[in-house]
Amino acid sequence: PEWFQAPLTSSNLPIFLIDTEGVPIVDDPRISANLQVINNSPSKRNVITDTPTDYNGRISIEHRGSTSQGFPKKQYGFETQDGAGENNNVSLLGMPEENDWILNAPYSDKSLMRNVLAYDLARAMGRYAPRAKFCEVFLNGRYDGVYVLLEKIKRDSERVNIKKLDDADTSGGYIIKIDKFTGEGGEGWQSPVEQAGWNSPFFQYEDPESGELNQAQRDYIESYVSEFEIALAGGDFSRYRELIDMGSFVDFMIVQEVSRNVDAYRLSTFLHKHHESQGGRLHVGPLWDFNLGFGNANYNDAFEAAGWA
């Protein structure tokens, strides 16, 4: 119908206007662009010609994701920067100040709500999960649709609150993940525990990244996680409980199972280890990527309401 073709000019949601001056956005490297964010008060509708409220400045931006890079609706990772191209910590849509952000395009989830719901559940349980806000995105004057602004998972006092790892230390903090090898990451180690009928998981360095770790730090985190796995697989329950934050594993599994997430435990699974001064234990989380949860997959019985993920 004719009305469907009319360009969007205003919204009750915040509006993100991205201008790359015609340069195409690619997976790597990031390109420079300008971002304007219009986020008026709840009583005032946002119009694309309004004066920017939350941000009006430089960003670096790239495509992100793995399978999602083949979808027609792309998702983006971007960094807010100052005029010299350095990190510019800002608050977007009321979130704590940072410079690393994600414009998530939940193309597989036509409700657009599954990630937001899962992260809200985690926060209601007292766990950190990326804050999320819906918004409208325009790229070079073209309306790209409704997106979800997300906090990128990283070490930060308002995100994954672990101690910064320095060269002289090994005990933490670390963020690692089990995920596909496409996208960010890829280097790490194979689990020493064999599982009948399944490939053993491969743990990837996330933050710090592989190139920021020295050999002693690599050896330490691999040894720590492997000790936990071996103790658990070997039935040494008194030992494995000493190595992990049990509550984080319980809460993590509850959300994965309530959502019947088909990717649970094998993909998009983050873990983080605290420094000894913070207790030193391994936590699982934050939660990530529930586009195929809550019955939104037609394989591995993910559509069944009963049973275990």
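**Contacts, strands and surface in a predicted model**

Colleague: At what distance from the ring centre does K273 lie over the face of Y224?

Modeller: K273 lies over the face of the Y224 ring, and the model in which this is seen is a predicted one. Y224 also forms one aromatic cluster with Y174 and Y220. The distance of K273 from the ring centre of Y224 is 4.7 Å.

Colleague: How many residues apart in sequence are the parts tied together by the pair of W189 and Y205?

Modeller: The structure holds twelve aromatic pairs. W189 and Y205 form one that is tilted, with 5.8 Å from centre to centre and 50 degrees between the planes. W189 belongs to strand β11 (residues 188-190) and Y205 to strand β12 (residues 202-207), so the pair ties together parts whose separation in sequence is 16 residues.

Colleague: Why is β12 largely enclosed by the rest of the structure, and how many of its residues are buried?

Modeller: Strand β10 (residues 174-178) is joined to β12 by three bridges, and the two run antiparallel. Three bridges also join β11 to β12, again antiparallel. β12 is largely enclosed by the rest of the structure because its buried residues number six of the six.

Colleague: Which residue of β12 is the bridge partner of K177?

Modeller: Two pairings with β12 can be named here. Q190 stands opposite F202 in β12. The partner of K177 in β12 is Q204.

Colleague: Is E98, which forms a salt bridge with K154, buried or exposed?

Modeller: The closest N and O atoms of E98 and K154 are 3.2 Å apart. This pair links distant parts of the chain: E98 is in the loop between β6 and β7, K154 in the loop between β9 and β10, 56 residues apart. K154 has a relative accessible area of 14% and is buried. For E98, the relative accessibility is 5%, so E98 counts as buried.

Colleague: Which helix holds E227, the salt-bridge partner of R239?

Modeller: The side chains of R239 and E227 meet in a salt bridge at 2.6 Å, N to O. R239 is partly exposed at 27% relative accessible area, and E227 is partly exposed at 33%. R239 lies in helix α4 (residues 237-243), so the pair ties together parts twelve residues apart in sequence, E227 being in helix α3.

Colleague: What is the relative accessible area of V258?

Modeller: V258 lies in helix α5 (residues 246-258). With M125, V250 and I254, V258 makes a nonpolar surface patch of about 320 Å². V258 is exposed, because its relative accessible area is 58%.

Key:
Residues are numbered from 1 along each chain as its sequence is written. This is a predicted model: local features need pLDDT of at least 70, side-chain atom pairs count only at pLDDT 80 or more; totals for chains, interfaces and linings use all residues. Side-chain values use heavy atoms; hydrogens and water are left out. Patches are made of residues with over 30% relative accessible area and no salt bridge: like charges are joined within 9 Å, nonpolar side chains (Val, Leu, Ile, Met, Phe, Trp, Tyr) within 5 Å. Accessible areas come from the Shrake-Rupley method with a 1.4 Å probe; for residues, only the protein chains shown count as cover. A salt bridge is a side-chain nitrogen of Lys or Arg within 4 Å of a carboxyl oxygen of Asp or Glu. Helices (H or I, at least four residues) and strands (E, at least two) are DSSP runs, numbered from the N terminus. Buried means under 20% relative accessible area, exposed over 50%, partly exposed in between (1.4 Å probe, protein chains only). Rings of Phe, Tyr and Trp (its six-membered ring) pair if their centres lie within 6.5 Å; planes under 30 degrees apart count as stacked, over 60 as edge-to-face and the rest as tilted. A charge sits over a ring if NZ of Lys or CZ of Arg is within 6 Å of the ring centre and within 35 degrees of the ring normal. Two strands pair if DSSP finds at least two bridges between them.
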